[in-house]
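Subject: Model for your files

Hello,

Here is the structure I said I would pass on. My notes on it follow below the coordinates.

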Amino acid sequence: MINIEKQYFSLKQISESGQCFRLEQLGNERYGLTALGRYLEAQENQEEISFFCSREEFESVWKDYFDLGRDYGKIIACVEEEDDYLRKAVCYGSGIRILKQDLWEMIISFIISQQNNIKRIRKCIDYLCRKYGEEKRTEEGKIYYTFPSPEKLANVPLEDLYACNLGYRSRYIQKTARSVAEGELDLRIVQSMEYDVAKSELLKLYGIGEKVADCICLFALHQLDAFPRDTHINKVLERQYTEGFPFEKYRGFAGVLQQYIFYYDLKN
């Protein structure tokens, strides 16, 4: 077990922030996470976070996944005092961190997220993983399911995807999986691209628009200038930033601020 100081880090807020759909509360502030082909349990206490894994696994996998090398306090301190709305948002959601998630999983997850709510997205992804992912077991006997590969999903009949309660997104998923499986889009190359170039490549995939592409860039490629805009965000910008959001002022971490805004608006 590895313990770290609970500073600008809340498993609860991350799990509710709409960026990760396989981090779930197990009870008593304990959370289970399936990611990167692994399963992790972590406990959130008043002053620290406990990771139930080896030091080696924490250092090689989870430290980077939770972006623990970044000073989020410094980001929050950059918000101007006169911006009362943004100050409230960053304080309210100060435990959110931008996770470094698997690119393929984020592509499919955010296709599923279109015109959907977090609870239903979680159910759809869980069902998809149980049906088409690989079943694994931890040393303690916990069974979990990996995210299905592009090759696996590319060969699933369309009617079977519809049976996963994916609706019209079923066609998007099938065509996107085939594009990746057949090499039309090389995910390894996308991971090395700059933000604008990566976004342009993602927009070539069937069923991916501006908002979804930005979500993928932010939550998988960790391009922190990506600023996904949905109905919630657009309404906030129209209401609070009539002269436009000061992107230049927050260059390099505007996407982090987007998450604070999204979470604050969602919960209030």
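Is C53 buried or exposed? With a relative accessible area of 10%, C53 is buried, because the cut-off for that label is under 20%. Please keep in mind that this is a predicted model.

C53 sits in the loop that runs between strand 5 (48-51) and helix 2 (55-65). Setting aside neighbours within four places in sequence, C53 is in contact with M1, I2, L40, F58 and W62. For a sense of distance, C53 and L161 are separated by 108 residues in sequence, and their C-alpha atoms lie 34 Å apart in space.

S10 counts as buried because its relative accessibility is 9%. If residues up to four places away in sequence are not counted, S10 touches E44 and G95. With E44 there is also a polar contact, side chain to side chain, at 3.2 Å.

Next, helix 4, which spans residues 84-92. Which of its residues are buried? They are Y85, L86, R87, A89 and V90. The cover over the buried residues of helix 4 includes helix 3 (72-77), helix 13 (231-240) and helix 14 (254-267).

Now the protein as a whole. Its secondary structure consists of 14 helices and seven strands. The radius of gyration is 18 Å, which agrees with the value near 18 Å that a compact globule of 268 residues would have. Taken along the principal axes, the C-alpha atoms fill a box of roughly 55 × 45 × 35 Å.

Of the 268 residues, 53% are buried. Among contacts with a separation of 6 or more, 66% are between residues 24 or more positions apart.

As for the surface, the accessible area of the protein is about 13100 Å², and carbon and sulfur atoms contribute 42% of that. On charge, there are 37 positive and 43 negative side chains. The centres of these two sets are 5 Å apart.

That is what I have on this model.

Regards

Key: Residues are numbered from 1 along each chain as its sequence is written. This is a predicted model: local features need pLDDT of at least 70, side-chain atom pairs count only at pLDDT 80 or more; totals for chains, interfaces and linings use all residues. Side-chain values use heavy atoms; hydrogens and water are left out. Buried means under 20% relative accessible area, exposed over 50%, partly exposed in between (1.4 Å probe, protein chains only). A polar contact is a pair of N or O atoms within 3.5 Å; within protein, one must be able to donate a hydrogen and the other to accept it, and residues adjacent in sequence count only if both atoms are side-chain atoms. Contact means heavy atoms within 4.5 Å. Helices (H or I, at least four residues) and strands (E, at least two) are DSSP runs, numbered from the N terminus. The radius of gyration is taken over C-alpha atoms; the globule rule is 2.2 Å times the number of residues to the power 0.38. Accessible areas come from the Shrake-Rupley method with a 1.4 Å probe; for residues, only the protein chains shown count as cover. Lys and Arg count as positive and Asp and Glu as negative; His and the chain ends are not counted. The place of a charge is taken as NZ of Lys, CZ of Arg, CG of Asp or CD of Glu.
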